[in-house]
Amino acid sequence: MLARVAGLVTRASGAVVAPSRIASAITNSAVTRIRFFATNSTDVFNVHHDTPENNKDTQFDFTEANYKKAEAIMSNYPANYKTSAMIPLLDLAQQQNGGFVSLAVMNRIATILEVPPIKVYEVATFFTMFNRTKMGKYHVCICGTTPCRLQGAQKIEEAITKHLGVGIGQTTADGTFTLGEMECMGACVNAPMIAVADYRNGVEGFSYNYYEDLTPQDAVSILEKLKKGEKPKLGSQHRQTAEPAGAVVGDKWVPSSGENTLMGELPGPYCRDLSK
């Protein structure tokens, strides 16, 4: 397809440039732009690349305890529809496998469900909840949807990337944190926020927690506590749940005054007078 596009570009421009070179430039440019937004994989096109921990020769199998969990999952579905268990089995395997779905993981699940491996590959490469490359002990995801961006998610991202020394889609040199971006975590009233998956202790020790109402300083403090093995406060960092107690303004938490939850006059546009 790219070669065909390159050929059209060459003919339209009248330039004497090899189509293969144009195709290469298009590909490299696209990869550069898209990789910047990589969330949970360094290969945003989901093309498998052999690595020491993920190749055709690596092995994976569920532990005895996790086979029991897998059997319990499959028992929820009729025998002739056991492929319905594919997503929860991938999730179980990802937790056991240190936070990512390797080629061996997908092949094992294909064997268990008695389906061609491509069926599992299709699912694992479609859903962003499945990580296709090796992860850090903690997967830190920054919410990037509109409410969080309006409430300062960009400053959260800047603070975290500066503190960790990595960008979105990258892992720290010590293997502790992998940084990602996620769309809408569903707690918009407590924006901005991050979610952290803990892959240190397999299935039994797995946790997935939200940290909300964050200032840049809050975000960095949470990461420091996690690195030390401490347990940061879950949920909102400045209120009990989602009561109208204030909001993050700029890089600070501003408590509300009395029943007033607005931090200033609304700029509009305003609704017309409906009585006229």
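In helix H10, Pro216, Asp218, Ala219, Ile222, Leu223 and Leu226 are buried. Viewed down the axis of H10, the buried residues fall within an arc of 165 degrees, so they line one face of the helix. The structure is a predicted model. The cover over the buried residues of H10 includes strands S1, S2, S3 and S4, together with helix H8.

The length of H10 was checked against its residue count. At 1.5 Å a residue, its 12 residues should span 16 Å. The end C-alpha atoms of H10 are 17 Å apart, which agrees. Helix H10 comprises residues 216–227. Just after H10, Gly229 adopts a positive phi of about 85 degrees.

Helix H10 lies across S1, S2, S3 and S4. Relative to S2, H10 runs at about 140 degrees. These strands belong to an open sheet of five, ordered S2-S1-S3-S4-S5, with mixed pairing. Strand S2 (177–182) and strand S5 (235–236) stand at the edges. Each has a single partner strand, so one side of each is left without a neighbour in the sheet. Strand S4, residues 207–212, pairs with S5 in the parallel sense over two bridges. Glu212 stands opposite Ser236 in S5. Helix H8 (residues 153–164) also packs on the sheet. Its contacts are with S1 (138–143), S2 and S3 (194–198). The direction of H8 makes about 150 degrees with that of S1.

Aromatic contacts were examined next. A search of the whole structure finds six aromatic pairs. In one of them, the ring centres of Phe60 and Phe62 are 5.4 Å apart and the planes stand at 75 degrees, so the pair is edge-to-face. Planes over 60 degrees apart count as edge-to-face. Phe60 is buried, with a relative accessible area of 8%. Phe62 also counts as buried, at 5% relative accessibility. Phe60, Phe62 and Tyr67 form one aromatic cluster.

Phe126 and Phe127 form another edge-to-face aromatic pair. The centre-to-centre distance is 4.9 Å, with 85 degrees between the planes. Phe126 is exposed, at a relative accessible area of 61%. Phe127 is partly exposed, with a relative accessible area of 33%. Phe60 and Phe62 are thus described as buried, whereas Phe126 is exposed and Phe127 partly exposed.

Technical notes
Residues are numbered from 1 along each chain as its sequence is written. This is a predicted model: local features need pLDDT of at least 70, side-chain atom pairs count only at pLDDT 80 or more; totals for chains, interfaces and linings use all residues. Side-chain values use heavy atoms; hydrogens and water are left out. Two strands pair if DSSP finds at least two bridges between them. Helices (H or I, at least four residues) and strands (E, at least two) are DSSP runs, numbered from the N terminus. Contact means heavy atoms within 4.5 Å. Axes are lines fitted to C-alpha atoms, for helices over the stretch in contact, and angles run from 0 to 180 degrees between N-to-C directions. The expected span of a helix is 1.5 Å times one less than its number of residues. Buried means under 20% relative accessible area, exposed over 50%, partly exposed in between (1.4 Å probe, protein chains only). The arc is that of the directions from the helix axis to the C-beta atoms. Rings of Phe, Tyr and Trp (its six-membered ring) pair if their centres lie within 6.5 Å; planes under 30 degrees apart count as stacked, over 60 as edge-to-face and the rest as tilted.
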